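Work through the exercises below with the sequence and the structure open. Each task is followed by a solution in steps.

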Amino acid sequence: MQKLIIINGPNLNLLGKREPNIYGSLTFTEFYKTIKEKYTDVSLEYFQSNIEGELIDKLQEVGFGYDGIILNAAAYTHTSIGIGDAIKAIETPVIEVHISNTFSREEFRHQSYVSPNARGVILGFGLQSYELAIQSFIN
Ligand code: DQA
């Protein structure tokens, strides 16, 4: 069974309450419950942190043993050379996801330190972005 992990960055713990016009009104806990029930052929875990170093620690921890990482580094996507370097350093493939279409938003969201090191990028499909990433590992 493939071992996958979703890693969410800063402010994504506020999904459901945070700018629902952009990010929707479902909490990640509710969404995670539905995907856990739906994708029973994979072992799926979830980690969230608002702290850059904790995200790097988690990438290092899972990055040599897991089969796939689904990473929404949120705002750190656009700023963190450290997260970019961590993705380069590990062996597990990373799929970058975003809920919103970052290219239709402010210019500073067009830059990503994750994309050059990711296997692929899925963005703009709401929470479905995460599901598409899971499906790509299953396929
Ligand atoms: C986000 C997009 C980022 O620009 C933003 O900072 C987030 C969420 C998304 O999933 O759409 O926090 O990663």
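A polar contact is a pair of N or O atoms within 3.5 Å. The model is predicted.

**Exercise 1.** Find the polar atoms of the protein that lie within this cut-off of an oxygen atom of the ligand.

Solution.
- Start with A75: one of its backbone N or O atoms lies 3.2 Å from a ligand oxygen.
- Go on to H98, where an N or O atom of the side chain is 2.8 Å from an oxygen atom of the ligand.
- Then take I99, which places a polar backbone atom 2.7 Å from a ligand oxygen.
- Now consider the area: the ligand taken alone exposes 330 Å², and the protein buries 99% of that.

**Exercise 2.** List the residues that surround the ligand and sort them by class.

Solution.
- The surrounding residues are R18, Y23, N72, A74, A75, H78, H98, I99, S100, T102 and R109.
- Sorted by class, this shell holds four nonpolar, five polar and two charged residues.

**Exercise 3.** Is N72 buried or exposed, and which side chain does the side chain of N72 meet in a polar contact?

Solution.
- Locate N72 in strand β3, which covers residues 68–72.
- The relative accessibility of N72 is 2% and buried means under 20%, so N72 counts as buried.
- The side chain of N72 makes a polar contact with the side chain of Y130, at 3.1 Å.
- A polar atom of the N72 side chain also lies 3.0 Å from the backbone nitrogen of A74.
- Beyond its neighbours within four places in sequence, N72 is in contact with I7, N8, G9, L12, V97, H98, I99 and Y130.

Notes:
Residues numbered from 1 in each chain as written. Predicted model: local features only at pLDDT ≥ 70, side-chain atom pairs only at ≥ 80, totals over all residues. Heavy atoms only, no water. Helix = DSSP H or I, 4+ residues; strand = E, 2+ residues; numbered from the N terminus. Buried < 20%, exposed > 50% of the residue type's maximum accessible area, 1.4 Å probe, protein only. Polar contact = N/O pair within 3.5 Å; in protein donor to acceptor, adjacent residues only side chain to side chain. Contact = heavy atoms within 4.5 Å. Near = heavy atom within 4 Å. Areas by Shrake-Rupley, 256 points an atom, 1.4 Å probe, with all protein chains shown as cover. Nonpolar A, V, L, I, M, F, W, Y, C, P; charged D, E, K, R; others polar.
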